[in-house]
Amino acid sequence: LISTTGSTGSYLLFAFSNSLPMLFVSRLFAGVMGGNISAAQAYIADVTTPAERAKGMGVLGAAFGIGFALGPAISGLLLLPAVHDAILRLLPAQAAAFVSENPYSLPGFAAAALSFSSFLLVTFLLPESLRPGEAEDATRVKKVSVFSRQFWPSVFSKDSHAIARMYLCLLILMIGHSSLYSAFPLFCKQVLGMNAHQVGMQFLWLGIVTVFIQGGAIRPLVKIFGEQRLLITGNVLMVAALFSIPFAHSPAGLVVRLCFLAVGASLNGPTLTSLISKEASPSHVGLVMGNAQAISAMGRVIGPALGGLLFGWRVQAPFLLMAALVSTTIWIASTTRLQDIA
């Protein structure tokens, strides 16, 4: 509830930003209030059995994929002149004047409205997952800051060797995937001459594939192949897609590469999260998943910055170097002994 409220406020601040520092503050506040993913994953771990956990994480991934697909597409549509003008006619005069002068505020207002909708859904439709008495269990709900002295020892303790390796795998995958947030739109514009709407539609295709796999196909695939094999397969596909993106010469060719990337990310995302949760003791699932999200957030900080810097150096660099980096996760996943409960 706190994080969804904070997200609403951060997007409103984004919409009203009239300077670069104010824009940065809005995103910084969004990051501070960004604990909803780890809470959602811990919730799923609470309400699913180990055998069903990959499916539960897959459903969460599918929901994320839907948002990842529709978000850029909706933003692109809101910025189309015809759609933008139609919305202006529906707004009060003062609001219409503000949006007319600040057209990029419209996606911010839309995101704030969606975040507030999420707050209402959690408030009225989501029951607490902890059973009576568990909320007072300090070991069950203990949270450790990534900046605290206890965080890194808990990550790399002798009892969590497999978890530590999966954390490293998660960090690398997140750096590789999030580097696309900065490098991919720049590549589309500079190399292929695509506009913002066309880039948004590229993300739409990526999201459609994600929803198909994580929303339905992941469960039978886990039963047939097991989570660890799917994790390795997803890593291989992700490496191949990243390596091939800079060799795309048309938007159609880019769609094919993004589909392979989406398949890879759809396989390694929920399976890796599920495997990490299974390595944790039942009383420390929340802590372990919180650690995973902290490490994932680190990757989301490093990835876009690194992608942009590498693109400024060479157009192909972010994709080829990220492919090389992500390839190390194939070895990590292949050499780690994990509990793979299909």
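**Helices, cores and selected residues**

Me: How many helices and strands does the chain have?
Reply: The model under discussion is a predicted one. Buried residues account for 45% of the 342 residues in the chain. As for secondary structure, the chain has 15 helices and 0 strands.

Me: Which residues does Leu254 touch, not counting residues up to four places away in sequence?
Reply: Leu254 is one of the residues that touch the most other members of the largest nonpolar core. With residues up to four places away in sequence not counted, Leu254 touches Phe184, Phe187, Cys188, Leu192, Met194, Gln202, Ile245 and Ala248.

Me: How many residues does the other core have, the one that lies apart?
Reply: Leu78, Leu88, Ala96 and Leu106 are among the members of this other core. Its number of residues is 5.

Me: Is Ser266 buried or exposed?
Reply: Ser266 is found in helix α13. Not counting residues up to four places away in sequence, Ser266 touches Val209, Thr210, Ile213, Gln214 and Ile218. Because its relative accessible area is 1%, Ser266 is classed as buried.

Me: Which backbone oxygen does the side chain of Ser266 reach?
Reply: The distance for this pair is 2.6 Å. The backbone oxygen that the side chain of Ser266 reaches belongs to Ala262.

Me: Are α1 and α7 roughly parallel or antiparallel to each other?
Reply: The axes of helix α1 (residues 2–16) and helix α7 (residues 105–125) come within 8 Å and cross at roughly 170°. The crossing in which α1 passes α7 is left-handed. Angles over 145 degrees count as roughly antiparallel. The relation of α1 to α7 is therefore roughly antiparallel.

Me: Which residues of α7 make the contact with α1?
Reply: On the α1 side, the contact is made by Thr4, Thr5, Ser7, Thr8, Tyr11, Leu12, Phe14, Ala15 and Phe16. On the α7 side, the residues are Ser105, Gly108, Phe109, Ala111, Ala112, Ser115, Phe116, Ser118 and Phe119.

Me: At about what angle do α12 and α15 pack?
Reply: Residues of α12 including Leu231, Asn235, Met238 and Leu242 meet residues of α15, among them Phe319, Ala323, Val326 and Ile330. The crossing of these two helices, α12 and α15, is left-handed. Their axes are 8 Å apart, and the packing angle is about 165°. That angle makes α12 and α15 roughly antiparallel.

Me: What is the handedness of the crossing of α10 and α15?
Reply: The axes of α10 and α15 come within 9 Å and cross at roughly 160°. The two helices α10 and α15 are therefore roughly antiparallel. The handedness of the crossing of α10 and α15 is left-handed.

Me: With which side chain does the side chain of Thr336 make a polar contact?
Reply: Thr336 is placed in the segment after α15, and at 5% relative accessibility Thr336 counts as buried. Its contacts, leaving aside neighbours within four places in sequence, are with Ala162, Arg165, Met166 and Gln228. The side chain of Thr336 also reaches the backbone oxygen of Ile332 at 2.6 Å. The polar contact with a side chain, at 2.6 Å, is with Arg165.

Me: How far apart in space are Gln190 and Val315, C-alpha to C-alpha?
Reply: Gln190 lies in helix α10 and counts as exposed, at 57% relative accessibility. Gln190 touches Phe311 and Val315, not counting residues up to four places away in sequence. Gln190 and Val315 are 125 residues apart in sequence, while their C-alpha to C-alpha distance is 8.9 Å.

Terms used: Residues are numbered from 1 along each chain as its sequence is written. This is a predicted model: local features need pLDDT of at least 70, side-chain atom pairs count only at pLDDT 80 or more; totals for chains, interfaces and linings use all residues. Side-chain values use heavy atoms; hydrogens and water are left out. A nonpolar core is a set of buried Ala, Val, Leu, Ile, Met, Phe, Trp, Tyr and Cys residues joined through side-chain atoms within 4.5 Å. Buried means under 20% relative accessible area, exposed over 50%, partly exposed in between (1.4 Å probe, protein chains only). Contact means heavy atoms within 4.5 Å. Helices (H or I, at least four residues) and strands (E, at least two) are DSSP runs, numbered from the N terminus. A polar contact is a pair of N or O atoms within 3.5 Å; within protein, one must be able to donate a hydrogen and the other to accept it, and residues adjacent in sequence count only if both atoms are side-chain atoms. Axes are lines fitted to C-alpha atoms, for helices over the stretch in contact, and angles run from 0 to 180 degrees between N-to-C directions. Angles under 35 degrees count as roughly parallel, over 145 as roughly antiparallel, 65 to 115 as roughly perpendicular and the rest as oblique. A crossing is left-handed if the near helix is turned anticlockwise from the far one by less than a right angle, and right-handed if clockwise.
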